[in-house]
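Biologist: I would like a close look at a single part of this chain, with the surroundings described as carefully as the part itself.

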Amino acid sequence: MNHCRIRLTLAPELRLFAAADRRAERTPVATDGSSSLGHVVESFGVPLTEVGALLVDGRRVPVSYVPGADEEVEVRAVTRPQEVPGAPLRFLLDVHLGTLARRLRLLGVDAAYESEDLGDPALAALSAAERRVLLSRDRGLLRRREIWAGAYVYSDRPDEQLRDVLGRFAPRLAPWSRCTACNGPLRDADKQSVGDRLEHGTRSTYDVFAQCTECERVYWRGAHHERLEAIVNEALREFGTPATAL
Ligand SMILES: [Zn+2]
């Protein structure tokens, strides 16, 4: 093996992934002369899902590039909003992101989620099979080669997670069009057709109903509506205009 030294600079947004002594500009790295740049970047703890352009001595190179002696590497973060070519934009969330999944659905964003832990191989396979962007805070999961596309979720707070995902991917927002329980599309429903699914108080107080086309759950302007409306209005103010409204 031909050992060689390169210098590597991570974009400021990516430095949180690296050990403290590898966050400086132009950090010296010893490589074996045969590892790809993608491998070197991963050895810093940075998931490749978070990496945008890779520059070597100012030239753009692919992750498969093998850096040579004395080269200067610059690792940039993904640009926002990030394009995900090849399929309609939709997501798959890991077991720890249930609140984020429900908020995305509230905004009409296609967000698959199972409250039962499927395990990393099954999640990665599902991402590939359904071409869904896998959202996770687990770097090990995001390193799996079989995932279709992925993104690290930077915060552990649901409100910041939502802003992170909306700002990063700019999905089309269609509030009140998707079931927050199962991700199925909602359709308008009248009181007669859903009446037997409602308690008497709800039936006599509310008029506007929608029903999930998959799990048949019924939605109405109920007790939690103000809180949900605040989430919707804040997201619309910052990230888009509504396509439909209930
Ligand atoms: Zn449903």
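In which sense do S8 and S9 pair, and over how many bridges?

Modeller: This is a predicted model, and in it S8 and S9 pair in the parallel sense over four bridges. Within that pairing, Val 133 stands opposite Ala 149 in S9. Looking along S9 itself, Ala 149 and Ala 151 point one way, Gly 150 and Tyr 152 point the other way, and all of these residues are buried.

The surroundings of the pair can be described through the largest nonpolar core, which holds 30 residues, and in which Phe 91, Leu 93, Leu 97, Ala 101, Leu 104, Ala 111 and Leu 135 touch the most other members. Strand S8 (133-136) and strand S9 (149-152) each supply at least two residues of this core, as do, among others, strand S6 (91-93), strand S7 (111-113), helix H2 (98-106) and helix H5 (158-169).

As for the protein chain as a whole, its secondary structure comes to eight helices and 12 strands, and 28% of its 246 residues count as buried.

Conventions:
Residues are numbered from 1 along each chain as its sequence is written. This is a predicted model: local features need pLDDT of at least 70, side-chain atom pairs count only at pLDDT 80 or more; totals for chains, interfaces and linings use all residues. A nonpolar core is a set of buried Ala, Val, Leu, Ile, Met, Phe, Trp, Tyr and Cys residues joined through C-beta atoms within 7 Å. A residue is buried if 20 or more other C-beta atoms lie within 10 Å of its own, exposed if 12 or fewer, and partly exposed in between; C-beta atoms are placed from the backbone. Two strands pair if DSSP finds at least two bridges between them.
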